[in-house]
Amino acid sequence: MRSTSGKLFIACLTALWLSMAASTLASSNPLLSVAGSSWRRDGLIAESALLLFTFIAAAWFAEDQRRIRTVLRVATITGAAASLYGIAQYFGWDPLLPSKAYQSGEGIFTIVRPPGTFGHADYFASWLVMVEFFALALRGLDDNRRWRATADIAMALAAFAIVLSGTRSAMLGLLFGGLVFIGMARPRLHRMGMLLLIASAACLGLLYVSPAGAKLRARVHWSLDDVRGGARLILWRDSLRMAMGRPLLGYGPETFTAQFPPFESVELSQAYPDFYQESPHNMFLDALTSRGLPGALSLLALCALGLWSARKNAALAAGLAAAIVCQQFMVLTIPTALYFYLLLAMLVAGTTTPHLSEPRKYPRALVPVTATIAIIWVVFAACLTVADRSMALAERRIESGDVAGASVAYRTVQRWEPAGGASDLRYSRAMTRLASTTPVFATSIAAAAEATEAGVRATKTAEDRQNAWYNLATIDALRNDPRGVENGLRNAIKCAPNWFKPHWTLSQVLELTGRHAEARREATIALELDGGHDPEVAATSKKILSSP
């Protein structure tokens, strides 16, 4: 790593980490920025591990570039296995997850979007894009015929899994990366290759028109109805406006969910009135809102360095270009960030000349420092594992009606959860459902008490405070506490002024308590923010507005 590109790479990684550390210190929620949110866990601790891993990997590759081939082999095999799992999910076989969790729509318009083990199809497909080009790079580097054949199979499986996921950004990235590869490598298309491409396209076409392709056709139908990809353009505009509020340090890693609602425009709310915006859906805007200009510029510099270093490796250059295009429509999660940074490390290491020197002993003075860092990461991982397992146990016990057992399991969550209470809202909602559905009176009372206790805590600990306050208002409604309901709804409105639901519910509460003028005002706001999406909102609002 003594080359110019190696030194620049280290400088970019350092700048990226410093920007994240500074934004964490100035964060609107420092604990959340350190530990990470419940949906992606990408706080300072996890990001520090990723960046240090990237630096070590780059140095390891630079020492002996044959190691790149070894890692590409591993990435190809694991990518093929993951692709097979995603393909199996599409066809209805899933031993790990309930298939309804990634299905939506009804009847002939039911779509299935295989998420693999990534939680969402978008993140799974964006990871497979990099797998595709890792396999392509392996095919060019490896002389072993078996490994070249393995790479061919992995590329076919990854491409098929991406198509079945229905992720348009991944398909766009795959197409763009393919064009970059063709432009740089200028590969010759042999007759056999052409026949394989034609046969693959024909097989995909047959699948599309067959009964097994019904869910794929439904996804195409949905995509044609939403050619702009949702409200991303409006979301990007609102996110940029949010970023300008704190341009130097941002709002802190993982705080977008809590900080964005006040900046959400009426236009975005009307387009998707009850949608949970967990991120800006753009890699660079995510860095800008969370870490400010230094973080966004550091990430841009890192990508630019990777592209500049990619001149001699068409497959990896195409992979980086594809990943960057794909990430313009989503944000990095830990698995996708791992492969993204690993790809950059390969490209930078490929430009360095191996430096042969005598092996040096590890400095003893650094042993306590590295040991402390390692212990922090091990403890953090252990906390996440215990807390997640205990939360799953609590939810299973709630489903079985065991309130006491669920309470014991959740106390373990509270002791071990790194973010300090981030699961309170999730636990409160589960207990509320049990309290309102169980036929056993004693169970209902005990569940309601647990739901209330956790619901009150959630208004201070939840990442999405607007949902926590609305949840507490729901609990107060079950307890027949109109003042508590109104207080919860008004606080939800303070957290998310352009969310229609608390305005709509509050209008009904005010109408029932005889405050007609206030009720009409809230009903007018709710009707505007809903944008005509929900007939029941229009019906109740018009009824309130027409009342004397």
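Tutor: Buried means under 20% relative accessible area, exposed means over 50%, and partly exposed is in between (1.4 Å probe, protein chains only). This is a predicted model: local features need pLDDT of at least 70, side-chain atom pairs count only at pLDDT 80 or more, and totals for chains, interfaces and linings use all residues. Residues are numbered from 1 along each chain as its sequence is written, and side-chain values use heavy atoms, without hydrogens and water.

Student: Is Ser19 buried or exposed?

Tutor: Ser19 sits in helix H1, residues 4–25 (a helix is a DSSP run, H or I, of at least four residues, numbered from the N terminus). Its relative accessible area is 7%, so Ser19 is buried.

Student: How far apart in space are Ser19 and Ala62?

Tutor: In sequence, 43 residues separate Ser19 and Ala62. In space, C-alpha to C-alpha, the distance between Ser19 and Ala62 is 26 Å.

Student: Which residue forms a salt bridge with Arg41?

Tutor: A salt bridge is a side-chain nitrogen of Lys or Arg within 4 Å of a carboxyl oxygen of Asp or Glu. For Arg41, the closest N and O atoms of the pair are 3.4 Å apart. Arg41 lies in the loop between helix H2 (30–35) and H3, and its partner lies in helix H16, so the pair ties together parts 347 residues apart in sequence.

Student: How far apart are the closest N and O atoms of Asp122 and Arg113?

Tutor: Asp122 and Arg113 are both buried. They form a salt bridge, and the distance between their closest N and O atoms is 2.7 Å.

Student: Which helix supplies the largest share of the nonpolar patch?

Tutor: The patch, about 470 Å², is made by Leu52, Phe55, Ile56, Leu366, Val369 and Ile373. H3 (44–63) and H16 (367–399) each supply at least two of its residues. Phe55, partly exposed at 32%, lies in H3. The largest share, three residues, comes from H3.

Student: At what angle do the axes of H20 and H21 cross?

Tutor: H20 covers residues 465–478 and H21 residues 482–495, and their axes come within 8 Å, crossing at roughly 165 degrees.

How values were computed. Patches are made of residues with over 30% relative accessible area and no salt bridge: like charges are joined within 9 Å, nonpolar side chains (Val, Leu, Ile, Met, Phe, Trp, Tyr) within 5 Å. Accessible areas come from the Shrake-Rupley method with a 1.4 Å probe; for residues, only the protein chains shown count as cover. Axes are lines fitted to C-alpha atoms, for helices over the stretch in contact, and angles run from 0 to 180 degrees between N-to-C directions.
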